[in-house]
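The following exercises concern a single structure and are each followed by a worked solution.

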Amino acid sequence: MYKLKHTLLDEIINAIANRGYIVLNNIIPDKLLTELTTRVKNLDSHTLKPAAIGRADSQQLNTAIRRDKINWLDNTNRTDKAFLQLMDALRTAINQSIYLGLFDYEAHYAVYQPGDFYKKHIDALKGKSNRVLSTVLYLNEQWQDKDAGELLLYSDDGKNIIETVTPHNGTMVIFLSEQFPHEVLAARKTRYSIAGWFRLNASSSKTIDPAV
Ligand code: OGA
Ligand code: MN
């Protein structure tokens, strides 16, 4: 079972408490990262599905907002389980120090084909969702600046870009779900990631994301 170093946990917890987000390059052990990268590349096209967005029942409307295809991680897979266990250790550590009351964690693989995007959105509408903390882990070996596909993180009011994240292999961004509008720019090659959410104890949000 993989462990997270105390110094790393402290760094994450301090950043979340002080400014609401952090970008990390060293959280996932190399062996697990390799397994996750291999797994996402090998997900076959039948298991990857467009994600549902709340209220937007027409697929056409969905694809105007987001174009990625997703597959939920599942504890019966060894690799998924190792990642979910690592995130659960993070959940416990966060709860012990900043009392966010995180109850569980759900996560899906996401595949963006060249040209796919996710327009500016928030992962949790204030008071309307049980998503508290969002995570995105990138699984792209040899990603170059020319490949684009950056994640833009905006200030609370959505006016200023406060962080531009290149989706390099092993980079993980963690941010408060209600606080940061964000968007995924179109990439020039296939872009792989795992998006996840620490949640409060309430009904599942698995099938419905808040609409923008
Ligand atoms: C999401 C999301 C960001 C990214 O899935 O909600 O915002 O960089 N993903 O993939
Ligand atoms: Mn999002």
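The buried residues of helix 2 are covered by elements that include helix 4 (78-98), strand 4, strand 6 (131-138) and strand 11 (191-199). Contact means heavy atoms within 4.5 Å; helices (H or I, at least four residues) and strands (E, at least two) are DSSP runs, numbered from the N terminus. This is a predicted model, in which local features need pLDDT of at least 70, side-chain atom pairs count only at pLDDT 80 or more, and totals for chains, interfaces and linings use all residues. Residues are numbered from 1 along each chain as its sequence is written, chains are lettered from A and ligands numbered from 1 in the order in which they are written, and side-chain values use heavy atoms, with hydrogens and water left out.

**Exercise 1.** State which residues of helix 2 are buried.

*Solution.* Begin with the extent of the helix: helix 2 covers residues 30-42 and has 13 residues. Next, apply the criterion: buried means under 20% relative accessible area, exposed over 50%, partly exposed in between (1.4 Å probe, protein chains only). The buried residues in helix 2 are Leu32, Leu33, Glu35, Leu36, Thr37 and Val40.

**Exercise 2.** Determine which residues Val132 touches.

*Solution.* Locate the residue: Val132 is found in strand 6. Its relative accessible area is 16%, so Val132 is buried. Not counting residues up to four places away in sequence, Val132 touches Leu100, Leu102, Phe175, Leu176, Ser177, Phe198, Arg199 and Leu200.

**Exercise 3.** Identify the residues that coordinate the manganese ion (ligand 2).

*Solution.* Donors are N, O and S atoms within 2.8 Å of the metal (3.2 Å for Na, K and Ca); water is not among the atoms, so sites may look incomplete. His121 (NE2), Asp123 (OD) and His182 (NE2) coordinate the ion at 2.1 to 2.2 Å. Along the chain, these donors follow the spacing H-x1-D-x58-H. Both His121 and Asp123 are buried.

**Exercise 4.** Trace the salt bridges of Glu106 with Arg131 and Arg199.

*Solution.* A salt bridge is a side-chain nitrogen of Lys or Arg within 4 Å of a carboxyl oxygen of Asp or Glu. First, Arg131 and Glu106 meet at 3.2 Å, N to O. Arg131 lies in strand 6 and Glu106 in strand 4, so this pair ties together parts that are 25 residues apart in sequence. Second, the closest N and O atoms of Arg199 and Glu106 are 3.4 Å apart. That pair links strand 11, which holds Arg199, to strand 4, which holds Glu106, across 93 residues. Finally, Asp104, Glu106, Arg131 and Arg199 are linked in a network of salt bridges.

Notes:
Expected span 1.5 Å × (residues − 1).
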